[in-house]
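Subject: Structure for your review

Dear colleague,

Please find below the structure that I am handing over to you. My findings follow it, and I would be grateful if you read them with the structure open.

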Amino acid sequence: VEFINVLQVTIQVQDVHLDCSYSATDISAFEPSTEDQVRAKHEKFTLLPKEKVMIRLKVSVVKPGMLKINGVRWLLCGIAYGAQDFDVRGPKRKKVGPNQPDKDHPPHRRLLFQVLPKIPRVEATFENFPENMFAGEVCKCSLTLHNVGAAPLHMLRIAS
């Protein structure tokens, strides 16, 4: 998110965080997220006169479910709260059917995420693999598999 100070004074920006909604089940049951469901990293910085600052905001979800990022919120100089909703629209419709709502741009799902439970993540490394080989040439090499994910891996099958 980019913040721009167009004023001639220094501004302190605090409590900058992403505004999220969370649903444990499906898309139709979104509610404002709580701290035990979603943890948003809060940032603070100072904007000098005519300065632009790019801030990277992060969010981590504690439980599996659906996450929707609505926008960004902040506090200016400890007094005034501000917010900006992300209005992400889909591609423009060419034709609207007779039973469809009259919208030029349907809502887009770019800021809607499905959060999965912890899963295994396999990292593969080849050893003794030559840089160059001829077509049809066969060589002996080793394959090392390592689980770098948070969940244990069971019943791994490898086929050649």
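V16 touches F3, K41, H42, E43, F45, L57, V72, R73 and W74, not counting residues up to four places away in sequence. Please bear in mind that this is a predicted model.

V16 also belongs to the largest nonpolar core, which has 18 residues. Within this core, F3, V13, V16, F45 and L47 touch the most other members. Strand 2, strand 5 (43–47) and strand 8 (65–76) are the elements that give two or more residues to the core. The largest share comes from strand 2, with six residues. As general background, nonpolar side chains in soluble globular proteins tend to be buried together.

As for the overall layout, the protein has twelve strands and zero helices. Of the 160 residues in the protein, 22% are buried. Among contacts with a separation of 6 or more, 60% are between residues 24 or more positions apart. The protein exposes about 12700 Å², and carbon and sulfur atoms supply 53% of that area.

Strand 2 covers residues 11–23, and S23 is placed in it. Is S23 buried or exposed? S23 has a relative accessible area of 2%, so it is buried. Apart from neighbours within four places in sequence, S23 is in contact with A29, F30, G65 and M66.

I turn next to the charged pairs. How many salt bridges does the protein have? The count comes to two. In one of them, R73 is paired with D19, and their closest N and O atoms are 3.4 Å apart. Because R73 lies in strand 8 and D19 in strand 2, this pair ties together parts that are 54 residues apart in sequence. R73 is partly exposed, at 35% relative accessibility. D19, at 19%, counts as buried, because the cut-off for buried is under 20% relative accessible area. A salt bridge also joins the side chains of E43 and K41, with an N to O distance of 3.5 Å. K41 is partly exposed, with a relative accessibility of 43%. K41, E43 and R73 are among the residues that V16 touches.

The cysteines deserve a separate remark. The number of disulfides is zero. C141 is in no disulfide, and the nearest cysteine sulfur, that of C139, is 5.1 Å away. C141 is partly exposed, with a relative accessible area of 30%, whereas C20 is buried, at 4%.

On the surface there is a nonpolar patch formed by V122, F126, F129, M133, L143, L145, L153, L156 and I158. Together these residues have about 820 Å² of accessible area. Strand 11 (122–127) and strand 12 (142–147) are the elements that give two or more residues to the patch. L143 is placed in strand 12, and its relative accessibility of 42% makes it partly exposed.

The segment after strand 12 contains A150. A150 is exposed, at 59% relative accessibility. Which residues does A150 contact, leaving aside neighbours within four places in sequence? They are K118 and I119. A150 and I119 are 31 residues apart along the chain, yet their C-alpha atoms are separated by 6.4 Å.

Finally, two residues have backbone angles to examine. Most residues other than glycine have a negative phi. K50 is not a glycine, but it has a positive phi of about 60°. K50 is found in the loop between strand 5 and strand 6 (52–54), and it is exposed, at 55% relative accessibility. C77 is likewise not a glycine, and its phi is positive, at about 55°. The place of C77 is the loop between strand 8 and strand 9 (80–85). With a relative accessible area of 40%, C77 is partly exposed.

Yours sincerely

Definitions and conventions
Residues numbered from 1 in each chain as written. Predicted model: local features only at pLDDT ≥ 70, side-chain atom pairs only at ≥ 80, totals over all residues. Heavy atoms only, no water. Helix = DSSP H or I, 4+ residues; strand = E, 2+ residues; numbered from the N terminus. Buried < 20%, exposed > 50% of the residue type's maximum accessible area, 1.4 Å probe, protein only. Contact = heavy atoms within 4.5 Å. Patch = residues over 30% accessible without salt bridge, like charges linked within 9 Å, V, L, I, M, F, W, Y side chains within 5 Å. Areas by Shrake-Rupley, 256 points an atom, 1.4 Å probe, with all protein chains shown as cover. Salt bridge = Lys/Arg side-chain N within 4 Å of Asp/Glu carboxyl O. Core = buried A, V, L, I, M, F, W, Y, C linked by side-chain atoms within 4.5 Å. Disulfide = S-S within 2.5 Å.
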